Amino acid sequence: MAKNEQFVKEIADIEADFPQWYTDVVIKTKLVDYGPVKGTMVIRPYGYAIWEIIQRELNARFGQMGVENAYFPMLIPMSFLTKEAEHVEGFAPEVAVVTHAGGAKLEEPLVVRPTSETIIGHMYGKWVESWRDLPLRLNQWCNVMRWEKTTRPFLRTSEFLWQEGHSVHETAQAAEEETLRMLACYAEFCKTVLCMPVLTGRKTEKEKFAGAVATYGMEAMMHDGKSLQAGTTHYMGQNFAKAFNIQFTGKDGALEYGYTMSYGVSTRLIGALIMTHGDARGLILPPPAAPVQVVIVPIAMKKEGVLAACNALADRLKAAGFRVKLDDTDNSPGWKFNEWEMKGVPLRIELGPRDIENGNFTVFRRDTLEKSEAPLAEAENVVGGLLGQIGETLYARAEARMHGRIVPAANLGELLAGVDGGNFVRAGWCGARACEDQVKTFAQATARVLDEKNDMPVCVCCGKKAEHTVFFARAY
RNA sequence: CGAGGAGUAGCGCAGUUUGGUAGCGCGCUUGGUUCGGGACCAAGAGGUCGUGGGUUCAAAUCCCGUCUCCUCGACCA
């Protein structure tokens with residue numbers, strides 16, 4: 001008892017320091033471990049299981065949109081990177097380069113992919129010949145490497161897992177539409193599977209992808225009011241098509257360059273999930289994304305009939321389609337309660353002699369920390385209902401926080417006060433890079449996305465007429 | 001690259017001021033008793049004190065060098 005209080009206090013103390021809370025919880029819950037190379041992480045089974053759910057859900061959506069999975073090499077000739085001028089400028093500082101292989105120095109260094117636009121563009125240049133080949137929509141699940149100076153598990157690591165989709169279209173309009181369609185797909189996924197609301201919109205020139213015509217992003221608000229870029233889609237125009245000679249013969253017989261777009265989300269989504277829903281006790285996983293949706297903790301395990309009853313209940317719930325774990329380890333019940341709460345399992349069932357005698361089971365909700373009893377005979381319905389409610393509660397909670405923390409600002413002072421208070425700041429912007437830079441210097445905040453609804457009259461920085469309405473925030 | 005901090009058992013740390021032959025908590029192993037919010041008892045395993053040199057009868061401790069890691073800053077399409 002005293003020990004438990006001490007444990008909860010420990011976690012609560014570090015929650016006060018949010019970044020530290022995050023790192024500690026991620027490591028303690030055994031989602032990841034640090035790798036031997038600085039800035040790398042080893043994803044452990046519990047963390048990887050979340051990633052597998054994300055993969056499954058996204059693959060289903062991509063499939064409906066005509067996207068097929070494929071795989072391209074990890075090593076890219078250095079010369080590929082330099083074919084698109086802005087692209088090389090943006091990525092060169094953070095690529096890892098292979099200079100030796102097979103015991104000899106390589107004639108041309110190879111880049112460990114930081115993203116695959118170039119090598120996929122190279123292949124698309126060979127594959128695309130006719131308008132009948134378009135649209136060409138491929139996606140790959142892979143690892144990429146970006147040598148970041150400071151890192152944090154899932155949020156920014158030297159190596160991370162992601163999916164990157166790359167499409168070629170016949171017209172600019174088709175490629176632009178695909179860019180927005182994929183952004184909407186991501187947002188729907190975040191809402192449905194991660195129970196996480198996001199702001200979507202176009203990025204400023206400063207924040208856009210190296211080599212893109214336009215970049216769109218989705219931003220999620222974390223517990224501390226900071227923003228996390230959870231995914232991006234890019235419209236490339238003909239920039240990469242011209243660099244890699246992606247040409248096709250059109251319906252009119254003329255040779256034309258294709259229009260390309262790309263999109264990606266990474267294991268950073270897991271970080272977003274943790275930071276969006278977690279509390280002082282640790283993780284809270286939304287039921288659709290939880291590797292274990294229900295954990296069953298037997299009480300007085302060695303008493304006759306207890307374990308058998310637990311197994312029977314686990315089998316019934318598994319048959320009903322829930323992801324269920326029976327914790328029949330030798331640890332004490334109190335230890336198991338805390339352990340699985342910290343790991344974010346949305347629903348816990350306790351089953352002991354008292355419950356069995358009454359024909360009930362005890363159920364505990366991770367989101368509200370409420371305990372209640374329900375008849376064993378109705379277990380499937382009760383569990384299904386509660387899991388649904390937990391998902392709704394988590395989404396509603398996160399959405400209320402985000403919308404409650406979007407404040408307007410008319411000048412730099414208000415903007416600074418806004419982000420200091422852990423808010424997203426909605427403000428006008430004249431469109432000048434100088435003003436965007438000044439906001440960064442003055443308030444350590446960046447333009448996250450442009451709001452579609454453009455109604456702020458003046459620039460928050462210079463006071464001139466506003467061209468855009470922008471969500472400013474501090475970001476991870 | 002700038003500023004600060006830390007390297008002692010798997011993890012977290014004490015011991016360094018004032019040199020005396022390595023300790024605590026957690027974890028781990030074995031056996032037993034337990035189980036409705038991190039249980040208890042007993043026994044046990046585990047350390048070239050980051051590293052190289054120096055001073056000394058004697059160095060985790062003092063001196064010089066060196067390596068690594070962490071935090072903040074800068075950087076982060």
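1. In this predicted model, four strands form an open sheet with mixed pairing, and their order is 20-21-23-22. The edges are held by strand 20 (406-409) and strand 22 (446-450), each of which has a single partner strand, so one side of each is left without a neighbour in the sheet. From one strand to the next, the twist averages 40°.

2. Within this sheet, strand 21 (residues 424-429) pairs with strand 23 (residues 468-473) in the antiparallel sense, and the pairing runs over five bridges. One point to locate on screen is A427, whose bridge partner in strand 23 is V470.

3. Helix 14 (residues 412-420) and helix 15 (residues 433-443) have axes that come within 10 Å and cross at roughly 55°, which makes helix 14 oblique to helix 15. The crossing of helix 14 past helix 15 is right-handed. Helix 14 contributes L412, L415, L416 and V419 to the contact, while helix 15 contributes V439, F442 and A443. Of the residues in this contact, seven are nonpolar, none is polar and none is charged.

4. A separate point concerns S130, which lies in the loop between helix 6 (117-127) and strand 7 (136-145). Is S130 buried or exposed? S130 is exposed, because it has 10 other C-beta atoms within 10 Å, and the cut-off for an exposed residue is 12 or fewer.

5. Leaving aside residues up to four places away in sequence, S130 touches F248 and T249. S130 and G253, although 123 residues apart in sequence, are 9.3 Å apart in space, C-alpha to C-alpha.

Methods:
Residues numbered from 1 in each chain as written. Chains lettered and ligands numbered in written order. Predicted model: local features only at pLDDT ≥ 70, side-chain atom pairs only at ≥ 80, totals over all residues. Helix = DSSP H or I, 4+ residues; strand = E, 2+ residues; numbered from the N terminus. Buried ≥ 20, exposed ≤ 12 C-beta atoms within 10 Å, placed from the backbone. Contact = placed C-beta atoms within 7 Å. Axes fitted to C-alpha atoms, helices over the stretch in contact; angles between N-to-C directions. Parallel < 35°, antiparallel > 145°, perpendicular 65-115°, else oblique. Left-handed = near helix turned anticlockwise from the far one by under 90°. Nonpolar A, V, L, I, M, F, W, Y, C, P; charged D, E, K, R; others polar. Pairing = 2+ DSSP bridges.
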